[in-house]
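Colleague: Can you put the model up? I have a few things to ask about it.

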Amino acid sequence: MSTVVRRALLLALPAIALFVLSTWQVVAHGPLLHLDARLSRDLVRPDRFSELLSDLGNIQVAVPALVLVLGYVLWRGHAAGTRRWWLPPAAAAVLMALVPAIVVPLKDWTARPGTPVVPPGVGYFPSGHTATAAIAYGSATLVLLPWLRSAAARRSLVTLCAALVLGVSYGLVRHGYHWPLDVAASWCLCTVLLTALALVIGPVSRSTRRRCAGTPSSNSGPSSPTTSSDRAAPARSRGSRTRRSSSSSSGSPGSS
């Protein structure tokens, strides 16, 4: 098992365990729901700011942002001639499309009521807005990271992604749109999904990062046969021209 896969499992397995635990508590109406309700009462303070933050998880906001990033990455990959340049954007788009196919059945199955702030109804677990924000902004970050040249730019992008997802999560809980456990469950679910995306696009991303950093690949490095022959060809050509010039000079009428 490779190091990358082991690290992915170390991240995904705890997330799966926590998601299963929270789902079981919701379905079984376990004691964790009482703590969840108490935390919600302490945190809920509906205001305009929390509403605006939660709106960043709307499909109309998050998905167009992802589409713009995917279009840019497609353009960069095609222009650079990167091997399988289409794979990261395509995988991210498929993952985004899978979010409602995963979240909606879970909402219907768990049928969790909402907080006292929202109208009566069920289907609040897990949080769809949190999942939309995490997958849209997280996928955009994963496919864009390899095209950033500096470590500072990559850190800034990851920080921005985390701030957006945490902002949406805070807004949902603060305004009372969701219980805290709804949001936490979506974090766990999206951690697993984004880890799977990272594994799928990992080889292409590493190749892209080497290309952007100017590091030679195994096919174009200094010791590759192609590069060596390409460098030797001009030398042979220069040597041939020199011999022809010497031969021509020695045989010309004015050479004596």
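Predicted model: local features only at pLDDT ≥ 70, side-chain atom pairs only at ≥ 80, totals over all residues.

Colleague: Salt bridges, then. How many does a search of the whole structure find?

Modeller: The search gives three salt bridges.

Colleague: Take Arg 112. What is the distance between the closest N and O atoms in its salt bridge with Asp 36?

Modeller: The closest N and O atoms of Arg 112 and Asp 36 are 2.8 Å apart. Arg 112 is in the loop between helix H5 (87-110) and helix H6 (128-144), while Asp 36 is in helix H2 (residues 32-43), so this pair ties together parts 76 residues apart in sequence.

Colleague: And are Arg 112 and Asp 36 buried or exposed?

Modeller: Both Arg 112 and Asp 36 are buried. For Arg 112 the relative accessibility is 6%, and under 20% counts as buried.

Colleague: What does Asp 182 meet in a salt bridge?

Modeller: Asp 182 meets Arg 112, at 2.8 Å from N to O. That pair also links distant parts of the chain, with Asp 182 in helix H8 (residues 180-213) and Arg 112 in the loop between H5 and H6, 70 residues apart. Asp 182 counts as buried, at 0% relative accessibility.

Colleague: Which residues are linked in a network, then?

Modeller: Asp 36, Arg 112 and Asp 182 are linked in a network of salt bridges.

Colleague: What about Arg 48? Which residue is in a salt bridge with it?

Modeller: Glu 51 is the partner of Arg 48, with the closest N and O atoms 3.2 Å apart. The two are three residues apart in helix H3, so about one helical turn separates them.

Colleague: How accessible are the side chains of that pair?

Modeller: Arg 48 is exposed, with a relative accessible area of 53%. Glu 51 is partly exposed, at 25% relative accessible area.

Colleague: Staying with H3, at what angle does it pack with H7?

Modeller: Helix H3 (residues 48-55) and helix H7 (residues 151-175) pack at about 135°, and their axes are 7 Å apart. H3 and H7 are therefore oblique to each other. The crossing of H3 past H7 is left-handed.

Colleague: Which residues make the contact?

Modeller: From H3, the contact is made by Ser 50, Glu 51, Leu 53 and Ser 54. From H7, the contributors are Gly 167, Val 168, Tyr 170, Gly 171, Leu 172, Arg 174 and His 175.

Colleague: And by class, what does the contact of H3 with H7 have?

Modeller: By class there are four nonpolar, five polar and two charged residues in the contact. Glu 51, which forms the salt bridge with Arg 48, is one of the H3 residues in this contact.

Colleague: Changing topic to the backbone. Is the peptide bond from Phe 125 to Pro 126 cis or trans?

Modeller: The bond from Phe 125 to Pro 126 is cis, with omega near -10°. Pro 126 lies in the loop between H5 and H6.

Colleague: Where is Ala 111, and what is its phi?

Modeller: Ala 111 is also in the loop between H5 and H6. Phi of Ala 111 is near 50°, a positive value in a residue other than glycine. Ala 111 counts as partly exposed, at 34% relative accessibility.

Colleague: And Arg 84, what is the value of phi?

Modeller: Phi of Arg 84 is near 55°, again positive in a residue other than glycine. Arg 84 sits in the loop between helix H4 (59-80) and H5. Its relative accessible area is 36%, so Arg 84 is partly exposed.

Terms used:
Residues numbered from 1 in each chain as written. Heavy atoms only, no water. Axes fitted to C-alpha atoms, helices over the stretch in contact; angles between N-to-C directions. Helix = DSSP H or I, 4+ residues; strand = E, 2+ residues; numbered from the N terminus. Parallel < 35°, antiparallel > 145°, perpendicular 65-115°, else oblique. Left-handed = near helix turned anticlockwise from the far one by under 90°. Contact = heavy atoms within 4.5 Å. Nonpolar A, V, L, I, M, F, W, Y, C, P; charged D, E, K, R; others polar. Salt bridge = Lys/Arg side-chain N within 4 Å of Asp/Glu carboxyl O. Buried < 20%, exposed > 50% of the residue type's maximum accessible area, 1.4 Å probe, protein only.
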